[in-house]
Amino acid sequence: MPLYRECPSCRALLTEEQLNSTRGLCPYCDSRVGESDEFASPDAAPDFRRRRSLAPISVPEPIGGKLGTALFLLFEQFAIIAGLMLIIKLPSNIAIEVIADRNPNPVDPFEVLRLRFLVDLFFGPIYMAGVVTLLANRMAGLPTTFSEAARAGLHNWARLFAAQIVARIFIVCGLILFIVPGVVLAVRYCLIDEAVVLEGAGAADSRARSSALTAGKELKILAAGAASIFLAVSFGVLVVDLAEQAGLLEHPAARAAVFSLADVFTIFNSIVLFLYYWEARAERESEAEVAQPAAKEAQNYEL
């Protein structure tokens, strides 16, 4: 058996150990990679969790419908999403707030923001890959545990980190030269996370794949992204304001906890973008299914 097997659905590279534990099913998208008798251990207990299913979710066409669906997914899967983010956000925010609190000199707020940005830049791909895997499974009606989502995050971290870094360099260059090209690139590359995690794309392929999936939807994605960012930021400001009125921002640990909770709701924007990916991929697959019989018919006619 080769060292790795590639999932035919999400293109994740899977080890023999992973496939043995799931009886030939991809642990990220639940697709069949190999026959069950090829990987199943005769002494292993049956995995009844895999038989449970949820109702698949379809993506509504209007922007308002996508915002509502994203809100539903956020609260339905809140425990796992919050767990994935807080395991990174909470310790880092506590460390940053404690360092700032012990500094005898006034701390520049922008310095704190830079530290948070660097932490999110390096560790963010872990929880983003886990969230993307969770959402893909949920849209297909499949359950996902926290450990499965966390494993997906660690498995895809390196490729997603590289793809995000390269994409952000292009976007920043576009913003420096002219603002409009930077915004255009930001929209075109907004589905890189999904392309890397669910399709196994590399740094270069993910940009091309994201651009193809967003083609013709740029204005809708820009409008939906702006609306989702506004809602997420508004909610975060509300949480911080309520915490301040309750006196929870006096202690650095409590302040970090409040900021971390506000950070969790920023994932709302990523969920909205994921819905555009899911919609675009379904459209491409439908077009391919329609084109394939037509191509075979033309080939038979030529013969």
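This is a predicted model: local features need pLDDT of at least 70, side-chain atom pairs count only at pLDDT 80 or more; totals for chains, interfaces and linings use all residues.
Local features need pLDDT of at least 70 and side-chain atom pairs count only at pLDDT 80 or more, while totals for chains, interfaces and linings use all residues. Residues are numbered from 1 along each chain as its sequence is written, and side-chain values use heavy atoms, with hydrogens and water left out.

**Figure 1. Overall view of the protein.** The protein has 12 helices and 2 strands. These are DSSP runs numbered from the N terminus: helices are H or I with at least four residues, strands E with at least two. The order from the N terminus is β-β-α-α-α-α-α-α-α-α-α-α-α-α. Of the 303 residues, 42% count as buried. Buried means under 20% relative accessible area, exposed over 50%, and partly exposed in between (1.4 Å probe, protein chains only). The accessible surface is about 16300 Å² (Shrake-Rupley method, 1.4 Å probe). Carbon and sulfur atoms hold 65% of that surface.

**Figure 2. The largest nonpolar core.** This core has 52 residues. A nonpolar core is a set of buried Ala, Val, Leu, Ile, Met, Phe, Trp, Tyr and Cys residues joined through side-chain atoms within 4.5 Å. Ile 81, Met 139, Ile 267, Ile 271 and Phe 274 have the most contacts inside it. Helices that each supply at least two residues include helix 3 (63-76), helix 5 (109-139) and helix 12 (267-302). Helix 12 gives the most, with 11 residues.

**Figure 3. Surroundings of Met 139.** Which residues does Met 139 touch, not counting residues up to four places away in sequence? They are Pro 56, Ile 57, Ser 58, Val 59, Leu 73, Phe 274, Leu 275 and Trp 278. Contact means heavy atoms within 4.5 Å.

**Figure 4. Packing of helix 3 and helix 5.** The two helices pack at about 110°, with axes 12 Å apart. Axes are lines fitted to C-alpha atoms over the stretch in contact, and angles run from 0 to 180 degrees between N-to-C directions. Helix 3 and helix 5 are therefore roughly perpendicular (65 to 115 degrees). Helix 3 contributes Phe 72, Leu 73 and Glu 76 to the contact; helix 5 contributes Leu 135, Arg 138 and Met 139. By class, the contact has 4 nonpolar, no polar and 2 charged residues.

**Figure 5. Val 119 in helix 5.** Val 119 lies in helix 5. Val 119 is partly exposed, at 22% relative accessible area. Beyond residues up to four places away in sequence, Val 119 touches Ser 92 and Gly 124. Val 119 and Lys 89 are 30 residues apart in sequence and 8.4 Å apart in space, C-alpha to C-alpha.

Terms used:
Angles under 35 degrees count as roughly parallel, over 145 as roughly antiparallel, 65 to 115 as roughly perpendicular and the rest as oblique. Ala, Val, Leu, Ile, Met, Phe, Trp, Tyr, Cys and Pro count as nonpolar, Asp, Glu, Lys and Arg as charged, and the others, Gly among them, as polar.
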